[in-house]
Amino acid sequence: MKEVMSGNHAVSYGAMLSRAQVIAAYPITPQTQIVEMLSEFCRTGRLKAKFIKVESEHSALAACIGASIAGARAFTATSAQGLALMHELIHWAANGRMPIVMADVNRSMAPGWSIWTDQNDSLSQRDTGWLQFYCESNQEVIDTIIQGYKIAETVLLPVMVVLDAFVLSHTSEGVDIPEQKLVDKFLPPYKPQYKMDLNQTLAFGALVTPDYNFELKYQIQEAMEYSLTLARKVDKEFKRFSGRNYGLIEPYRCARAEIILVTSGTITSTAREVIDNLRKQGEKIGLLKIRMFRPFPAQEVIEALEDCKKVAVIDRNIGYGVGGILCQEIKSAFCNNARRPEIFGYITGIGGRDVTPDTIMEIVIDVRKNNKADNRIKYVGLRKLR
Amino acid sequence: MKFTIPQEENMHPGHLACPGCGGALAMRLALKALGKKTMVVLPACCWSIINGPFPYSAVKVPLFHTAFETAGSVSSGIKAALDILGKKDITVLAWAGDGGTFDIGLQALSAAAERNDDFIYVCYDNEAYMNTGIQRSSATPWGAWSSTTPAAKEEPKKNIMDIMVAHRIPYAATASVSYPDDFIRKLKRAKDIKGTRFIHALVCCPTGWKCSSEISIKLTRLAVQSGIFPLYEVENGLKYTLNKPQQISPDNKLIRSYLGAQGRFANLSEKDTKKIVADIKSEWLRLLNKIEGNICIKQ
Ligand SMILES: Cc1ncc(C[n+]2csc(CCOP(=O)(O)OP(=O)(O)O)c2C)c(N)n1
Ligand SMILES: [Mg+2]
């Protein structure tokens, strides 16, 4: 069934179709509609879940952690300040191997107060052991929530599904709502091997000496590496009943491309249009969308980019003191690769500043005229300060 | 001889508490009262150590170690999950220190109490952050030494019972391991009530209080007898009942012997001691007023 809905409502539908059993969330612009719709689903009984109306995001994730360890499928959603407030428990969920799914609506971190998009909130959680998916459309949002649970519950790691503030969260698109029966077949009820259980009487999360801890952390890395294979498999399986899949990354019109732009989130859609126009004019240019950011699908990225001459990485984030975070990841992926394109880093759209086809064209024009990349960060759409 | 304390033992003999730890005994009694269908939520506190490192556990029930400030919120999550999974006969027991209750965990606890989420919360109050080496908390009494109040604490102890009672939760009580029958009765009573139930248990920490371990029980008994830590119950935030395991009235001599036995009060001057005695007396009167208040409501 197709319905017109916002990115936020796509999140809520995704959680409902996944039959989340415990939801704990706290309102924050631009995520609020997710929580509102889910509480409505719970009220009407469309979703049989306990909705815990917590007093903070910190407690939201803590409650999800409790629910998860007691054997329930848990869901939360937040944005920016809320995500940052959760930080201690973000580690807790991953180190405790709890397959919680969370939606994060990308929003710029304060101060100054902002409700508009950039990726610094979610990217600053990148080393916590959560899988991260960046979505381009509302359809991808609903689908990724469902896929997220399947992946999370197999590898026992939490999954973050990320969408841009307003550009997705508050923009309506046609979304095909997968049939519940089919989702149920794809995503059976959560049956954890270990949980709070009167018959097992385990103690979870006890003090762990240096004798054991290294291996526990190593196993998270191992699970992360396996998630690459698994996410590919789950994505294909998803296609079998829905007709849709996304890949971990998506090369778009990259055949024989000399220049390839790299994007994530909604900038991808804008860039697609630019690429289409340029291809029409005969330019050898393509686009690579990064959908899965953690674990980073480095090998796939290398294969998608190693044959071109120049790569322009477009970051809607700043790793202060270093540069664009996606750009760093891609450079480091290529570090030990024999063949290496020139890698240019561009930062744009911070704090929700519009990224239009003109912005993308400005980047294309700049890459065209430079043959050697250096480590200078290039800013697009930045006003002159002095 | 008739045993009034259940013989059922839900704690293993081996654990890592210091000699004379009132907190260890409190858990032992609580689990005797609540039985095997209990799940423990344990934020950072001495008990995170007492229960043993991986792969050990000192209790015979499932236990979840959690972040310092999350006893309230994690317990809500566990209870919600048990409900939706149809396991309705399990008692969730949040077990936190004074730091995890009066200070860093107060927000989550208050929120859970406001929602009246269905679990028992026990604060075992040893009046400082003992896990990290005896730093003051808002439960540390006025005049006490701690490693962050090297002279003496200058602020009075926060009244956590007043705070919890103000939430109008169905049941709140103070309890003491020095009165095990009363302690067990209260936990059993709590078990039979639905909603947020709060138990405030003063326990002696010989290490932090700087006293010898063999007087641990005696000291918390003195705390009750002297009026420093009265035993009482409050139903629905309104109905106060004073429990009198022994005849109590704030007693100058008893208060002085309580203070005198503890190194943490060694620096008190005579003037300080007089102030403490006066404060305890006025707190006692305040409590009696609340109990009288019951009668007004009944009329
Ligand atoms: C967020 C956070 N801050 C600080 C700590 C360090 N910490 C662990 S236990 C503790 C004190 C616990 O005091 P209390 O709750 O009174 O329990 P006790 O150790 O006295 O039994 C502190 C400060 C922590 N684990 N987490
Ligand atoms: Mg303490």
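Across the interface of chain B and chain A, seven residue pairs are in polar contact, both members being at pLDDT 80 or more; a polar contact is a pair of N or O atoms within 3.5 Å, where within protein one must be able to donate a hydrogen and the other to accept it, and residues adjacent in sequence count only if both atoms are side-chain atoms. The model is a predicted one, in which local features need pLDDT of at least 70 and side-chain atom pairs count only at pLDDT 80 or more, while totals for chains, interfaces and linings use all residues. Residues are numbered from 1 along each chain as its sequence is written, chains are lettered from A and ligands numbered from 1 in the order in which they are written, and side-chain values use heavy atoms, with hydrogens and water left out.

On the side of chain B that touches chain A, β1 (38-43), β2 (63-66), α3 (71-84) and α5 (106-114) of chain B each supply at least two residues; helices (H or I, at least four residues) and strands (E, at least two) are DSSP runs, numbered from the N terminus. The largest share, 10 residues, comes from α3(B). By class, this side of chain B has 21 nonpolar, 11 polar and eight charged residues, where Ala, Val, Leu, Ile, Met, Phe, Trp, Tyr, Cys and Pro count as nonpolar, Asp, Glu, Lys and Arg as charged, and the others, Gly among them, as polar.

In total, 40 residues of chain B are in contact with 37 residues of chain A, contact meaning heavy atoms within 4.5 Å. The two chains bury about 2900 Å² between them, 72% of it on carbon and sulfur atoms; buried area is the accessible area (1.4 Å probe) that two parts lose on being put together, summed over both. Phe54(B), Phe64(B) and Ile84(B) supply 20% of the area that chain B buries against chain A, more than any other three residues. One salt bridge is counted between the chains, a salt bridge being a side-chain nitrogen of Lys or Arg within 4 Å of a carboxyl oxygen of Asp or Glu. Lys50(A) and Asp83(B) form a salt bridge with their closest N and O atoms 3.7 Å apart.

Chain A is itself divided into domain 1 (2-242) and domain 2 (249-379), with bounds from an automatic or database domain assignment. The centres of the two domains, taken over C-alpha atoms, are separated by 28 Å. Their contact takes 29 residues from domain 1 and 27 residues from domain 2, and the area buried between them is about 2300 Å², with carbon and sulfur atoms giving 51%. Seven salt bridges are counted between these domains. Lys289(A) and Glu140(A) meet through their side chains in a salt bridge (2.6 Å, N to O). The side of domain 1 that touches domain 2 receives the most from α9(A), with six residues.

Over all chains, the whole structure contains 50 salt bridges. In one of chain A, the closest N and O atoms of Asp184(A) and Arg19(A) are 2.8 Å apart. This pair links distant parts of the chain, 165 residues apart, with Asp184(A) in helix α8 (residues 180-186) and Arg19(A) in the loop between α1 (7-17) and β2 (22-24) of chain A.

Ligand 1 is surrounded by 17 residues, of which the closest are Asp98(B), Gly99(B), Tyr124(B), Ala128(B) and Asn131(B); a residue is near a molecule if one of its heavy atoms lies within 4 Å of it. An oxygen atom of ligand 1 lies 2.8 Å from an N or O atom in the side chain of Asp98(B). Polar backbone atoms also take part: one of Cys46(B) is 2.9 Å from an oxygen atom of the ligand, and one of Gly100(B) is 2.9 Å from an oxygen atom of ligand 1.
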